[in-house]
Amino acid sequence: MNMLFSLGWRDLIWLTTAFTLSGAASGALAAAVVVESRTLLDLPWLVICGSIGLAMFGGLVGTLFTVHSAGASGAKVNVPMQVAADLGCAAVLGFVAYAVVVAYGWEPEVLLGSLPLLGVAGQKVLVPLIKSLVTVAGAVGNRLSGKVGE
Amino acid sequence: MKIMTYTPSIYPRTLYLVWAFCTLGLAVTSPTSLTAVLALKSGGVGGLGVIVFSTSCFVLLADLVINDLLPDKYELQFAREYRWLCVSSVAIVYWLFGTMALLPGTSPQGSWVLIAAYFAIGAWGMTFAFATKVARYRNQLAAHEHAV
């Protein structure tokens, strides 16, 4: 019943890099709160790093969703690039979540609870948004440069 | 080029599950345990975390019993397909509780060993889920290409 899987050294290297990025940022959050003995909202820069790290942890699950659907359909996915894109989206959303929580003065738990979910949702929210913006910008650019209708 | 072969068995998952059920059992039976304290103090987020954690644990248990231990004629397709999601959900909740426990005044004094264990078991679970899922994807892709 066991399945036989194979992973190369390159896989292990990028996998380790991804987890190190996420872990180091989360570690910064932990160190900030423990060493300084202050609340999350008092420590902007380190907490921003920690927020991004926690969101990245969720972003990796977003990558797993992509890999899962690609496995069923047989679509090819460049896994390291997908990891990089999802970590990037998660990082942006982690930063935005921190800004929103600070702006509204919510409890730190709200920030912590939302981060992994935001990370998972990163590719579903940011990537379509960026693609839409690029499409709109391209259409506007074409119109302005007079390419449409020629 | 396959340099390293990784063969996950039911044993790593069993250990992971035993640890998760110990956490869950302590939270339910002992109101002073770290998980119970965190779930109570963190309000809705903690409650949601406990629900996700419990659901994932029971799905993983069903997966272990039906798909791994019982004869092959018994199968729980959903649990096998989404095993990676349950393992990574448990890992995320561990990290969530670990980070919450670091908030000043949240966790009981002297619980730093458990907090470190939360982070360690969470990181291990996520690594396990990721490595096995990506490797399985590579196998599925190879099978698709072979079929074409």
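A residue is called buried when its relative accessible area is under 20%, exposed when over 50% and partly exposed in between (1.4 Å probe, protein chains only). By that criterion, 50% of the 148 residues of chain B are buried. The model is predicted, so local features need pLDDT of at least 70 and side-chain atom pairs count only at pLDDT 80 or more, while totals for chains, interfaces and linings use all residues. Residues are numbered from 1 along each chain as its sequence is written, and side-chain values use heavy atoms, without hydrogens and water.

**Overall architecture**
- Chain B contains 6 helices and 1 strand, taken as DSSP runs (helices H or I, at least four residues; strands E, at least two) numbered from the N terminus.
- Along the sequence, the pattern is β-α-α-α-α-α-α.

**Helix H3**
- Helix H3 of chain B covers residues 43–69 and spans 38 Å from its first C-alpha to its last, close to the expected 39 Å, which is 1.5 Å times one less than its number of residues.
- Its buried residues include Gly46(B), Phe53(B), Leu60(B) and Asp63(B).
- The cover over the buried residues of H3(B) includes H1, H2, H4 and H5 of chain B.

**Helices H2 and H5**
- The axes of H2(B) (residues 34–41) and H5(B) (residues 83–101), come within 10 Å and cross at roughly 80 degrees, as lines fitted to C-alpha atoms over the stretch in contact, with angles from 0 to 180 degrees between N-to-C directions.
- H2(B) is therefore roughly perpendicular to H5(B), a term for angles of 65 to 115 degrees.
- Thr35(B), Leu38(B) and Ala39(B) of H2(B) meet Phe97(B), Met100(B) and Ala101(B) of H5(B), contact being heavy atoms within 4.5 Å.

Note on methods
Chains are lettered from A and ligands numbered from 1 in the order in which they are written. Angles under 35 degrees count as roughly parallel, over 145 as roughly antiparallel, 65 to 115 as roughly perpendicular and the rest as oblique.
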